[in-house]
2 protein chains.
Amino acid sequence: MATNAPSNRTRVKRLPARGIYDRSEIDAILDEGFVCHVGFVVDGQPFVIPTGYARDGDRVLIHGSAASRMLRTLENGVDVCVTVTLTDALVLARSAFHHSVNYRSVVILGKAAPINDREDKIDALRILTNHFIPSRWDDCRPPNEVELKATTAMEIPLTEASAKVRTGPPGDEDEDYALPYWAGLLPIPPTTQTPIPDPRLTPGIDIPDYVKGYRRGK
Amino acid sequence: MATNAPSNRTRVKRLPARGIYDRSEIDAILDEGFVCHVGFVVDGQPFVIPTGYARDGDRVLIHGSAASRMLRTLENGVDVCVTVTLTDALVLARSAFHHSVNYRSVVILGKAAPINDREDKIDALRILTNHFIPSRWDDCRPPNEVELKATTAMEIPLTEASAKVRTGPPGDEDEDYALPYWAGLLPIPPTTQTPIPDPRLTPGIDIPDYVKGYRRGK
């Protein structure tokens, strides 16, 4: 599936030039992020809850405690919205009006389905763990039966999804370019700092290369 | 107002020890972030849209194009959820199950009200701009009448809000501490990189100190 034709619900309405329906661009955004915001409705009230996720082919995986209200609500087959937002830079224009953010976001609409099969669930948890930090699944203890039972894993199909992206310098009004204000981008990319070993770490265990070399994005 | 007694809707249900209802802690999180995710419902379908915000006393301000579907929906007085999430560190536990994220999030429930009075709207835009990048309002062109008319500003009261926070090292099972896996935190704080001047910047305009010294958080 190379492109998602926009549905009436996922078509980007404001600034349609920023709308993107190409699956490769949608996937690149999803693969760079690791926290999504899940929207669902309880008694007419929308809730928006942050949670980890991973893309696996044509689906997005989420997981959490089997006691989570969010996941128990989603298991009822309600409509959800999963949004991923990456912020790349503050955009400082000469006019207050044209200040903006360079960002890349994906909005996915659909219903989440629980992953009940034991092997499928383990597979989902492996993908989630390795999306969170590549190579980690093979360097930690896998879930035991009690933990598996306490965990709900769900998938949302990537059938109704769109991206919205702003890139590039400020877009000022022609007559404003002569104003004496600094204008440009202030990049705010994700970065990592020095790993902090657990105070209870067994002496002699070095920081793994996949932690030292960790970076999101390309 | 020093504390928000949790309503039944904002009481943190999963891991209640992570729930925080103290306004000073809620405010600190809101003041550090600058992008929120707004949840609203259209025809039963939840939507979650990222947008800039600023806290001003007991309210959160958002703004955008008067043509925005989100803002036009909110102007109808529907229930909204505004969520702000700061991610501080990846938490690498010895077991896959206890992997986590150190994060600080705020969930606000309520209804948004438009700010229609001209001076109040300008005041809101000033607060939003200076939250986005301190000192900027006095160093850019303020909105003209056409831009003011094209902009909708709204406020959401901070009456029903809660925070959820995870801090500290991994929490492994007692019997797992002897496992030979590295465990600890991988900090992922917001950082800024070297400002990128607009290609059309008038020569001789230096990068302002408030851009060079920009940082979020404390």
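Visitor: How many helices and strands does chain A have?
Guide: The secondary structure of chain A comes to 5 helices and 12 strands. Bear in mind that this is a predicted model.

Visitor: What does the model score?
Guide: It has an ipTM of 0.94 and a pTM of 0.94. Chain A averages a pLDDT of 94, and 96% of its residues score at least 70.

Visitor: And where pLDDT is low, what should I do with the coordinates?
Guide: Where pLDDT is low, the predicted coordinates should not be read in detail.

Visitor: OK. What box do the C-alpha atoms of chain A fill?
Guide: Roughly 65 × 50 × 35 Å, taken along the principal axes. Of the 218 residues in chain A, 41% are buried. Among the contacts in chain A with a separation of 6 or more, 72% are between residues 24 or more positions apart.

Visitor: Which strands are joined across the two chains?
Guide: Strand β11 (residues 184–187) of chain A is joined to β12(B) by 2 bridges, and the two run antiparallel. In that pairing, L185(A) has I196(B) as its bridge partner.

Visitor: How is chain B laid on chain A?
Guide: By a turn of 180 degrees and a shift of 0.0 Å along the axis, which gives an RMSD of 0.0 Å. That is the relation of a two-fold axis.

Visitor: Why do you say the copies meet through the same surface?
Guide: Because 100% of the interface residues of chain B are also interface residues in chain A.

Visitor: Change of topic. What is the strand order in the open sheet of chain B?
Guide: The order is β4-β5-β9-β8 (chain B), 4 strands with antiparallel pairing. β4 (54–56) and β8 (113–114) of chain B stand at the edges. Each has a single partner strand, so one side of each is left without a neighbour in the sheet.

Visitor: What holds strands together in general?
Guide: Strands of a sheet pair through backbone hydrogen bonds, either parallel or antiparallel.

Visitor: Last topic, the loops. Where is D43(A)?
Guide: D43(A) is in the loop between β2 (35–42) and β3 (45–52) of chain A. The residue has a positive phi of about 55 degrees although it is not a glycine.

Visitor: Is D43(A) buried or exposed?
Guide: D43(A) is exposed, with 6 other C-beta atoms within 10 Å.

Visitor: And what is the phi of S135(B)?
Guide: S135(B) has a positive phi too, about 80 degrees, although it is not a glycine. Its place is the loop between α3 and α4 (145–150) of chain B. S135(B) is partly exposed, with 14 other C-beta atoms within 10 Å.

Conventions:
Residues are numbered from 1 along each chain as its sequence is written. Chains are lettered from A and ligands numbered from 1 in the order in which they are written. This is a predicted model: local features need pLDDT of at least 70, side-chain atom pairs count only at pLDDT 80 or more; totals for chains, interfaces and linings use all residues. Two strands pair if DSSP finds at least two bridges between them. Copies are superposed by least squares on the C-alpha atoms of residues with pLDDT of at least 70 in both. Two residues are in contact if their C-beta atoms, placed from the backbone, lie within 7 Å. pLDDT is the predictor's confidence in each residue, from 0 to 100. A residue is buried if 20 or more other C-beta atoms lie within 10 Å of its own, exposed if 12 or fewer, and partly exposed in between; C-beta atoms are placed from the backbone.
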